[in-house]
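Please brief me on this model.

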Amino acid sequence: MQQKKGRRVILFPLPFQGHINPMLQLASILYSKGFSITIIHTNFNSPNSSNYPHFSFYSIPDGLSESEASFADIVALLSILNVKCVVPFQGCLVKLLSNVEEVEPVACLITDAVWYFTQAVAESLNLPRIILRTNSVSSFLVFSAFPLLQEKGYLPIQDSQLEAAVPELPPLRVKDIPVIETNYQETLHRSVVGAVNQMKVCSGCIWNSFQELEEVSLTKLHRDFPIPMFPIGPFHKYSPASSSSILSQDQTSISWLDKRAPKSVIYVSFGSIAAVSDTEFLEIAWGLANSRVPFLWVVRPGLVRGAEWIEPLPEGFLKMLDGRGHIVKWAPQQEVLAHPATGGFWTHGGWNSTLESICEGIPMICQPCFGDQMVNARYVSDVWKVGLHLERKLEREDIERAIRIVMLEAEGQEIRGRVQFLKEKIDLCLRQGGSSYQSLESLDFRSLNKLF
């Protein structure tokens, strides 16, 4: 790919860990291809700019009060951000575009798809907008089908229908429909429909996915959304990048793994937002302990509702493990998954985690919590068959059984073989001539240098 000097791209990530990571990875990819990078970000959950000295960072006020800056109701938080950020974002963008000292013309604006207000801002400034979708293509297609799901009576979800199949969206069951618990269901549906409609009028869409993994979904996507699509993932495999983690990473994770046998450790992490009750926390703890499998467990402060950290653990629990378990507040996940000692990943099924696990050939146990995680978990277990799906109420016996299957039994070896096959597909798609390589070439030349 040729370098194009004098071309700047402005990127605007959503201030959540699972959205900041892929946006900054995308920025690094574009920078490596010769583009100058400007990042506009909110004060809330702002990225660490010192990790990216080659990017320009501009912070905008988000106006969030202490009570509003909460993950308790994600829909409410997103709705507030999409109102309060309009004026400061537009002001920052106008300033950047009119800077007479700026010698590099702006090629385009790339925003997270959930920043749905930015399409109108971009159009008012005659600036092409490309969106980044940080979820899977398969889960997006389910969100885009919300009007159909309402028409067919699947939404709102009834408890009596949970196990029923959704023939319009195989292989999903009703319980897999990516609803989000909120006091603002109408706002959620309105936002989803609005974002889907805006996608049809943007200048293109970038996906952190690859053709060989989601071929069927990508075919349907191209049919339903006649805009340029660029599945160029997995982003994090292009080059070693600076950490974009908002949380401090505990490097003892790696030194602890260094002392373990190959493929012997189950890594456990439920992401940056999910929360569990203290009862569920104890079931997880005893399931891990009773499996007799060494484990590295990320217990993020706030993971257990009503607790600061691991206080709900029984007295003497850690001592009883005799070094077989290691608990940290946050881990360098990509390093952990790539470590020779890691043999399995018990995950919430977020898209970044799912991709990272597949990239390292690591089988998964999926325990989805909300949103697109429900769809990802179903695809992991029923379509790609690279993991197990914990579908019932969390109980220690089920947890112990799932861990032992993945880590010790023949079924786990079969799963490992399938995820290893996908890992090899990823390696090929990123090489010259591969699907993601070609898609990135198309993004650079067609989208950034010709259309604009």
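Helices (H or I, at least four residues) and strands (E, at least two) are DSSP runs, numbered from the N terminus. This is a predicted model: local features need pLDDT of at least 70, side-chain atom pairs count only at pLDDT 80 or more, and totals for chains, interfaces and linings use all residues. Residues are numbered from 1 along each chain as its sequence is written, and side-chain values use heavy atoms, with hydrogens and water left out.

**Helix H10**
- H10 covers residues 278–291, which is 14 residues.
- From first C-alpha to last, H10 reaches 20 Å, close to the 20 Å expected at 1.5 Å a residue. The expected span is 1.5 Å times one less than the number of residues.
- Phe 281, Glu 283, Ile 284, Ala 285, Gly 287, Leu 288, Ala 289 and Ser 291 are buried in H10. Buried means under 20% relative accessible area, exposed over 50%, partly exposed in between (1.4 Å probe, protein chains only).
- The buried residues of H10 pack against strands E8 (265–269), E9 (295–298) and E11 (342–347). They also pack against helices H11 (317–321) and H15 (396–408).

**Confidence**
- The protein chain averages a pLDDT of 92, and 94% of the residues score at least 70. pLDDT is the predictor's confidence in each residue, from 0 to 100.
- Over residues 1–6 the pLDDT is below 50. Beyond near neighbours in sequence, this stretch has 18 contacts in the model (heavy atoms within 4.5 Å).

**Salt bridges**
- The count is 15 salt bridges. Each is a side-chain nitrogen of Lys or Arg within 4 Å of a carboxyl oxygen of Asp or Glu.
- Glu 391 pairs with Lys 175, with the closest N and O atoms 2.7 Å apart. Glu 391 lies in the loop between strand E13 (387–389) and H15, and Lys 175 in the loop between helix H6 (146–151) and helix H7 (185–199), so the pair ties together parts 216 residues apart in sequence.
- Glu 391 is partly exposed at 34% relative accessible area, whereas Lys 175 is buried at 18%.
- Glu 391 also forms a salt bridge with Arg 378, at 2.9 Å between the closest N and O atoms. Arg 378 lies in helix H14 (residues 372–383), so this pair ties together parts 13 residues apart in sequence.
- Arg 378 is buried, at 0% relative accessibility.
- Asp 398 bridges to Arg 392, the closest N and O atoms being 2.8 Å apart. Asp 398 is partly exposed at 21%, and Arg 392 is exposed at 63%.
- Shared partners join Glu 163, Arg 173, Lys 175, Asp 176, Arg 378, Asp 382 and Glu 391 into one salt-bridge network.
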